[in-house]
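Please report on the salt bridges, the ligand site and the nonpolar surface of this model. Keep it brief.

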Amino acid sequence: MADKRGTDNVGTDELSQRVKKAKADNENGDGGVGKDPESENILSEFKTTSVLSDSSREKTIFVHGKLGDQEAVVILEKTPIREDALAELLTGAKLKLEMRNDIYSTYRLLPPPQLNEIKTTVVCPATEKHVKKYQRQESSLVEETGEDYKSITLPYIQKQSFSVQWVHNILEKKAEAERIVYEDPDPEVGFVLLPDFKWDQKQVDDLYLIAIVHQRDIRSLRDLTSEHLALLQNIFQKGKEAVLQRYSLAASKLRVYLHYQPSYYHLHVHFTKLGYEVPGCGVERAHLLADVIQNLRSDPQYYKTRTLYFPLRADDGLLSKFKEAGRL
Ligand code: M7G
């Protein structure tokens, strides 16, 4: 069942209603690239090549396969059971008894189809890098000095990183325009705040938004100096206000952070609900925006000069570059 952490001042029910309303409001917006709510089932042609990873605890499976002649990755994830849908779930379901013993009994509950969704993400055409990203792999912690960044990491990411076309589509309103929660259009300090595609927006317990900056030449934490303080403070302040207004979630219930290394080298900030243990929120990858702001205040060149630590997966090309350079 969806947990109730952090809903101190507002009931879960009310929160769910607000999320649903926000979603409905959003869905009345204009279309974007690939928007086709009732699209036909393109996955009926999907041919599985391999299961990249799965988790019975997370109730997810990451599958590599082919859609026609194109490589594809499909991610399936069972969604949380919502409190506001409980009554409909219990009355509308078929219940099949599995066993009964004294005061105990177990059943298989077959919910009505509308309450039995599986959140599905399709990446197609998927690159080899996508396939690797979703494959379960051992990781190693890398120590990157400011010099290592210039001589190893930067040349690698200039050649090898994921396309940020999807980010440009968002900034130009060519995709996901109807999902935007808040925008500050200023070219210097402005940003777009919208739901991360990992969040289905059905409950606030797993809230996940991203703030994408309008400036296009800031790759990551490493590019930040005190010149970007106004931008970072603007995202922090207005992002928190927008979340409070839209989802009634106070700033004290949010984890606001950047990834280093990110997957996509266009500066963006993650806003997740505190207590929601999302992959990538651990100390080896997440940098709290509040800390980033403080560090830049005390040293304008902090992220140019500091040694930064991050995990790299065994088959990551960047890891090979660190090994070749004798840094691992
Ligand atoms: P990251 O730190 O660069 O990499 O974050 P990560 O994916 O390894 O965490 C990028 C964030 O953008 C992730 O949280 C993704 O789930 C999210 N994201 C990625 N894509 C391709 C999209 C997209 O097309 N739309 C939206 N809304 N979010 C996306």
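Lysine 321 is partly exposed because its relative accessible area is 33%; buried means under 20%, exposed over 50% and partly exposed in between, with a 1.4 Å probe and protein chains only. Its salt-bridge partner is glutamate 324, at 4.0 Å from N to O. A salt bridge here is a side-chain nitrogen of Lys or Arg within 4 Å of a carboxyl oxygen of Asp or Glu. Glutamate 324 has 61% relative accessibility and so counts as exposed. Both residues belong to helix α9 (residues 317-324); they sit three residues apart, so about one helical turn separates them. Helices (H or I, at least four residues) and strands (E, at least two) are DSSP runs, numbered from the N terminus.

Salt bridges with shared partners also join Glu172, Lys174 and Arg216 into one network.

This is a predicted model: local features need pLDDT of at least 70, side-chain atom pairs count only at pLDDT 80 or more, and totals for chains, interfaces and linings use all residues. Residues are numbered from 1 along each chain as its sequence is written, and side-chain values use heavy atoms, with hydrogens and water left out.

**Other salt bridges**

How many salt bridges does a search of the whole structure find? The search finds 17. One of them pairs glutamate 147 with lysine 150, with the closest N and O atoms 3.4 Å apart. These two residues are three apart in helix α4 (residues 146-160), so about one helical turn lies between them. Lysine 150 is exposed, at 53% relative accessible area.

Arginine 255 and glutamate 277 form another salt bridge, with 3.9 Å between the closest N and O atoms. This pair links distant parts of the chain, 22 residues apart. Arginine 255 is in strand β11 (residues 254-259), while glutamate 277 is in the loop between β12 (268-273) and β13 (286-288). Is arginine 255 buried or exposed? Arginine 255 is buried, because its relative accessibility is 11%. Glutamate 277, in contrast, is exposed, at 61% relative accessible area.

**Ligand site**

There are 17 residues around the ligand; Lys133, Glu176, Asp196, His259 and Ser263 come nearest. A residue counts as near if one of its heavy atoms lies within 4 Å of the molecule. The shell divides into seven nonpolar, four polar and six charged residues. Ala, Val, Leu, Ile, Met, Phe, Trp, Tyr, Cys and Pro count as nonpolar, Asp, Glu, Lys and Arg as charged, and the others, Gly among them, as polar. Strands β10 (208-213) and β12 each supply at least two residues of this shell.

| Side chain | Ligand atom | Distance |
|---|---|---|
| Lysine 133 | oxygen | 2.8 Å |
| Glutamate 176 | nitrogen | 2.7 Å |
| Aspartate 196 | oxygen | 2.4 Å |

Taken alone, the ligand exposes 590 Å², and the protein buries 91% of that. Accessible areas come from the Shrake-Rupley method with a 1.4 Å probe; for residues, only the protein chains shown count as cover.

**Nonpolar surface**

Leu90, Leu95, Leu97, Tyr107 and Leu109 make a nonpolar surface patch of about 470 Å². Patches are made of residues with over 30% relative accessible area and no salt bridge; nonpolar side chains (Val, Leu, Ile, Met, Phe, Trp, Tyr) are joined within 5 Å, like charges within 9 Å. Strands β4 (94-101) and β5 (104-110) each supply at least two residues of the patch. Leucine 109 lies in β5. Leucine 109 counts as partly exposed because its relative accessibility is 34%.

Technical notes
Polar contact = N/O pair within 3.5 Å; in protein donor to acceptor, adjacent residues only side chain to side chain.
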